[in-house]
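Welcome, and thanks for taking a look. Below is a short tour of some contacts, pairings and charges that can be read from the coordinates.

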Amino acid sequence: MQNINSKLPEVSTTIFTVMSKMASRYNAINLSQGFPNFETSPELVGLVTEAMKKGYNQYAPMPGLLSLREIIAEKTNMLYESNYHADTEVTVTSGATQAIFTIISAFINPGDEVIIFKPAYDSYEPSIELFKGTVVPVQLSAPDFTVDWQEVAAKITSKTKMMIINTPHNPSGTILSKEDMLQLEKLLSTTDIILLSDEVYEHIIFDGQQHQSVAKFPGLAERSFITASFGKTFHTTGWKMGYCIAPKELMSEFRKVHQFNVFCSSHPMQYALSKFLQTPDNYLSLPNFFQQKRDLFLSLLKDSRFTFTPAAGTYFQLLNYTDITDENDIAFAERLTKEHQIASIPVSVFNLDHQDDKVLRFCFAKTDDLLKRAAEVLCKI
């Protein structure tokens with residue numbers, strides 16, 4: 001048998017796969033993995049069919065269908081008063097995770113340091129480690145998950161090549177404020193650090209708050225990649241469609257890797273999305289749509305023994321269970337699945353040294369009926 005020297009010896013099956021598999025085994029309500037259980041727009045599906053019938057079935061242009069890149073640039077510039085150019089600064093990707101991986105692979109060399117904020121989406125670290133970069137974590141803590149920018153400043157060294165931020169933030173449901181972004185802009189102003197801004201939940205933000213994209217801040221935009229997800233926006237996570245935006249010089253390096261990574265993404269879906277985005281209400285209506293689901297879920301839990309701070313964005317809600325048990329979050333999540341038939345995600349798996357804040361993450365991108373059934377179970381615990 002071959003002696004395999006793994007590049008990722010510490011990586012195992014993701015917690016999302018583990019909990020979804022457990023949910024299936026115990027016939028549990030699955031609020032663990034972040035995907036909607038309701039259908040996407042029939043209009044959007046119809047546009048994909050139309051594209052296939054019209055012959056959009058061969059390779060798309062490597063950076064993406066120009067009409068889609070143009071509407072992405074138009075949308076971004078309208079929302080954030082930016083000035084991105086479709087031809088050289090927008091690339092369509094096979095989901096945001098592919099974009100993130102491509103950015104890291106294009107720029108991280110052995111010994112480069114990358115600052116990330118934990119709890120963090122679990123693709124960041126393995127991608128950095130695969131290219132022999134060094135992860136420099138900044139641990140955030142429940143319930144507010146605020147960033148101490150002085151702590152961040154102390155972690156910047158001559159080896160810091162990149163920083164990754166995520167707002168709205170998965171898994172906490174918090175957002176970075178305008179003041180946060182201004183402090184970050186000032187902090188990076190005297191450096192050559194590349195900023196990777198994971199903004200896949202940009203249209204899922206609540207209570208009248210505004211998404212603070214790096215595109216709004218010139219000192220950040222000039223050094224930043226923005227990654228976005230059509231899967232999150234249009235309830236089509238299985239399509240694996242997203243995009244990446246960056247200044248021309250950065251995007252040029254991105255495309256060098258992208259062309260050998262996936263070359264291009266689904267052609268008929270790009271056609272459909274280019275048409276669907278021409279109606280801004282298809283994405284501008286999302287805050288109200290998901291806030292109604294968040295508010296319904298939390299109203300049903302008001303008399304439970306769980307405590308919470310309402311999510312400011314994303315379609316995830318953290319529930320604190322310290323009034324119920326002193327079990328660690330992994331053990332409690334497993335017990336909820338096995339004994340109460342409801343699956344969630346233990347947040348400690350995303351933390352430095354598995355810091356346990358006694359919170360579980362629940363996805364509320366579900367039908368109202370399923371949310372009511374889930375809340376009924378949770379209120380009995």
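## Salt bridges

Helix 15 (residues 329–340) holds both Glu339 and Arg335, which sit four residues apart, about one turn of the helix. A caution before going further: this is a predicted model. The two residues form a salt bridge, with the closest N and O atoms 3.5 Å apart. Glu339 counts as exposed at 52% relative accessibility, while Arg335 counts as partly exposed at 26%.

How many salt bridges does a search of the whole structure find? The search finds twelve. Another of them joins Glu50 to Lys54, where the closest N and O atoms are 3.3 Å apart. Glu50 is partly exposed, with a relative accessible area of 30%, and Lys54 is exposed at 53%.

Arg294 brings us to a buried residue: its relative accessibility is 3%. Arg294 forms a salt bridge with Asp295, and here the closest N and O atoms are 2.8 Å apart. Asp295 counts as partly exposed, at 33% relative accessibility.

## Aromatic pairs and a cluster

Turning to the rings, the structure holds 20 aromatic pairs. One of them is formed by Tyr201 and Phe316, in an edge-to-face arrangement with 5.8 Å centre to centre and 80 degrees between the planes. Tyr201 lies in the loop between strand 6 (194–198) and helix 9 (218–221), and Phe316 lies in strand 9 (residues 316–320), so the pair ties together parts that are 115 residues apart in sequence. Are these two partners buried or exposed? Tyr201 is buried, with a relative accessible area of 3%, and Phe316 is buried too, with a value of 1%.

Phe316 also pairs with Tyr315, again edge-to-face, at 5.2 Å centre to centre and 65 degrees between the planes. Tyr315 counts as buried at 0% relative accessibility. These residues belong to one aromatic cluster, formed by Phe38, Tyr201, Phe289, Phe290, Tyr315 and Phe316.

## Charges over rings

Two lysines deserve a look if you care about how charges are placed relative to aromatic rings. The charged end of Lys366 sits over the ring of Phe35, 4.1 Å from its centre. Likewise, the charged end of Lys75 sits over the ring of Tyr283, with 5.3 Å to the ring centre.

Strand 9 and strand 12 (residues 359–363) pair in the antiparallel sense over five bridges. Within the sheet, Leu319 stands opposite Leu360 in strand 12.

Ser20 has its place in helix 1 (residues 15–25). Ser20 is buried, with a relative accessible area of 17%, which falls under the 20% cut-off for that label. Which side chain makes a polar contact with the side chain of Ser20? The partner is Gln33, at 2.9 Å. Once neighbours within four places in sequence are set aside, Ser20 is in contact with Asn30, Ser32 and Gln33.

Pro63 lies in a loop, the one between helix 2 (42–53) and helix 3 (66–80). Its relative accessibility is 14%, so Pro63 counts as buried. Leaving out neighbours within four places in sequence, Pro63 is in contact with Arg69, Val90, Thr91, Val92 and Arg255. For a sense of distance across the model, Pro63 and Gln139 are 76 residues apart in sequence, and their C-alpha atoms are 35 Å apart in space.

Note on methods: Residues are numbered from 1 along each chain as its sequence is written. This is a predicted model: local features need pLDDT of at least 70, side-chain atom pairs count only at pLDDT 80 or more; totals for chains, interfaces and linings use all residues. Side-chain values use heavy atoms; hydrogens and water are left out. Helices (H or I, at least four residues) and strands (E, at least two) are DSSP runs, numbered from the N terminus. Buried means under 20% relative accessible area, exposed over 50%, partly exposed in between (1.4 Å probe, protein chains only). A polar contact is a pair of N or O atoms within 3.5 Å; within protein, one must be able to donate a hydrogen and the other to accept it, and residues adjacent in sequence count only if both atoms are side-chain atoms. Contact means heavy atoms within 4.5 Å. Rings of Phe, Tyr and Trp (its six-membered ring) pair if their centres lie within 6.5 Å; planes under 30 degrees apart count as stacked, over 60 as edge-to-face and the rest as tilted. A charge sits over a ring if NZ of Lys or CZ of Arg is within 6 Å of the ring centre and within 35 degrees of the ring normal. Two strands pair if DSSP finds at least two bridges between them. A salt bridge is a side-chain nitrogen of Lys or Arg within 4 Å of a carboxyl oxygen of Asp or Glu.
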